[in-house]
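Hello,

Here is the structure we talked about handing over. Please load it first, then read the notes below.

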Amino acid sequence: MRKTENQLLVIFGASGDLTARKLVPSLFNLYIAKQLPENFIVLGASRSDMTDDEFRNRVVLESDYLEDKLKDLKEKYIKGFSDKFFYEDLGGSYDTDYSALRKRIEELNSKYGTAGNIIYYLSTPPTLYETIAKNLADVNLTTQNNGWKRLIVEKPFGYSLETARKLNKGLQQYFTEPQIYRIDHYLGKETVQNLLVTRFANSIFEPLWNRNYIKHVEITNAESVGVEKRGGYYDKSGALRDMFQNHLLQIVSLVVMEPPIGDEPEEIRNEKVKALKSLRIMRDEKTLHENTIRGQYVASEVEGELVKGYREEDGVDPNSTTETYAAIKFFVDNWRWKDVPFYVRTAKKMPTKVTEVVIHFKTPHHQIFQDSGVNSKDNKLIIRIQPDEGILMKFGVKVPGQGFKVERANLDFYYSSLAQTHVMEAYERLLLDCMQGDATLYARADEVEAAWEFVDPILKYWKDGKDVRMYGYAAGVWGPENADELIDGVGYWRNPSANLADDSGYCVIC
């Protein structure tokens, strides 16, 4: 296990929701588990006028997100955690002289012995990333001659390939690529990481993980909620940018990648980049028309309650053509995956919240139980990323009695069954990895750009292509009815729960 050195965490945008909701609870879990270094402090920096004590009250002592965790702990123990937090007011803008910030960092470093090691966490809009990086560099807060410096940036990392390249280039003026950690909380989930172990640590899977045995691969990310309070942001983004380009293509890369030489971060990241670069980019309109579907949820009655449509949500253009449902069929141009279709979908207002990878295996070449109905029930390996994290295998067994009637049986494992094991939350794991200098679960510049290279032509086609349709689907159903046509000849999507809506699922709304 890597050593966690003494260090200082500086959070830009510390007065925002992410700090209180995700970052501080994750740090608290690490504190409870005694995984923080002996000398560790947090300096919040933003444009809000606060004292150290006011910041501690806001994110620790009076935080709704820590209330249950603090309930039964001794006051001295809680104080030990809250005393690690400090605050620096940047004034009215992030684009300002950081000399005062540097002075505060030097004072804290000297007093608390953090050895000059600093993580800068940018919990701000991406438009501020380069500005903050430049201002840090201007006062020599990026140099590594006195302790290491690391930079964590949140998604969205770019709005297109062009903007991602520009953002990469902007940050790399002030930080070297090994210093930059692009966070994707999906990669912090235990079951996403378990994709690597399932594949490469088990001889019952890896020999079958190719075009000879796998018929197709299906990945579903479904959310039961709508856009909630993010209507303004989401309407400029959409499902493809918000989920597919980053989270889901990261999962695709772990399914597709070749075995790395070892478990070192760069070895794994090298293979992920190769996997993303092997995706067949769709450029012509005919291919894009046949292999992509976009949809938008419309008003519906779900379990007796009226649910408003996407265009009625706060902050959304009443004539919006932003997709809340995206389904893509694509192929991978390499030896392992030649001609194996991949089906990936992401959507809001689905019947349930679920993210899973389904590996559909081919039926045996010689069928001796053809009258048993087994042909329509292929073997499946289902890796559930959330909720009820675990793995499910579906395979054929004989039904008791005369003859050879075959039925599918389940063999499952759930992480919740590991009663004595603490499963780290995503941000908890990713923060600790960065503290230890492990970039395995962080995206590299070329990785981000490879993902955008695949997505850009789809977005361009949806914006400017001819005969592009936006299909409506009732809130609470599994997307437009014609989504199953994408899997023509293979079957239909695996929908892990019943349809909750009272409406049909198909219409053309533009």
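By class, the lining of the largest cavity has 7 nonpolar, 4 polar and 5 charged residues. Please keep in mind that this is a predicted model.

That cavity has a volume of about 190 Å³. In total, 16 residues line the largest cavity, and F157, D184, N246, A443 and V448 lie nearest its centre. Two elements, α10 (239-256) and α14, each give two or more residues to this lining. α10 gives the most, with 5 residues.

How many cavities of 30 Å³ or more does the structure hold? There are 2. The second largest cavity has a volume of about 40 Å³. Its lining consists of L187, Q193, L196, L254, I268, K272, T440 and L441. Here α8 and α11 are the elements that give two or more residues. By class, this lining has 5 nonpolar, 2 polar and 1 charged.

Next, a pocket. The second largest pocket has a volume of about 690 Å³. It is lined by 25 residues, and Q193, D263, R429, D438 and T440 are the closest to its centre. Q193 and T440 also line the second largest cavity. At least two lining residues of the pocket come from each of α8 (190-200), α11 (265-277) and α13 (426-435). The largest share, 6 residues, is from α8. The pocket lining divides into 12 nonpolar, 6 polar and 7 charged residues.

Now the helix packing. Helix α14 (residues 445-464) packs with helix α7 (residues 161-172) at an angle of about 165°, and their axes are 9 Å apart. An angle over 145 degrees counts as roughly antiparallel, so α7 is roughly antiparallel to α14. The crossing is left-handed. On the α7 side, the contact is made by L161, E162, A164, R165, N168 and Q172. On the α14 side, the contact residues are A445, V448, E449, W452, E453 and D456. By class, this contact has 5 nonpolar, 2 polar and 5 charged residues. V448 is also one of the residues nearest the centre of the largest cavity.

α14 has a further partner in α11. The axes of α11 and α14 come within 9 Å and cross at roughly 15°. The cut-off for roughly parallel is under 35 degrees, so α11 is roughly parallel to α14. This crossing is left-handed. R269, K272, V273, L276 and K277 of α11 meet D446, E447 and A450 of α14. The contact has 3 nonpolar, no polar and 5 charged residues. K272 also lines the second largest cavity.

Best wishes

Terms used: Residues are numbered from 1 along each chain as its sequence is written. This is a predicted model: local features need pLDDT of at least 70, side-chain atom pairs count only at pLDDT 80 or more; totals for chains, interfaces and linings use all residues. Side-chain values use heavy atoms; hydrogens and water are left out. On a 1 Å grid over the protein atoms alone, a cavity is a set of points where a 1.4 Å probe fits but cannot get out, and a pocket is an open set with protein on both sides within 12 Å along at least five of seven lines; lining residues have an atom within 4 Å of a point. Grid points are joined across faces, edges and corners, and a volume is the space filled by probe spheres set on the points. Helices (H or I, at least four residues) and strands (E, at least two) are DSSP runs, numbered from the N terminus. Ala, Val, Leu, Ile, Met, Phe, Trp, Tyr, Cys and Pro count as nonpolar, Asp, Glu, Lys and Arg as charged, and the others, Gly among them, as polar. Axes are lines fitted to C-alpha atoms, for helices over the stretch in contact, and angles run from 0 to 180 degrees between N-to-C directions. Angles under 35 degrees count as roughly parallel, over 145 as roughly antiparallel, 65 to 115 as roughly perpendicular and the rest as oblique. A crossing is left-handed if the near helix is turned anticlockwise from the far one by less than a right angle, and right-handed if clockwise. Contact means heavy atoms within 4.5 Å.
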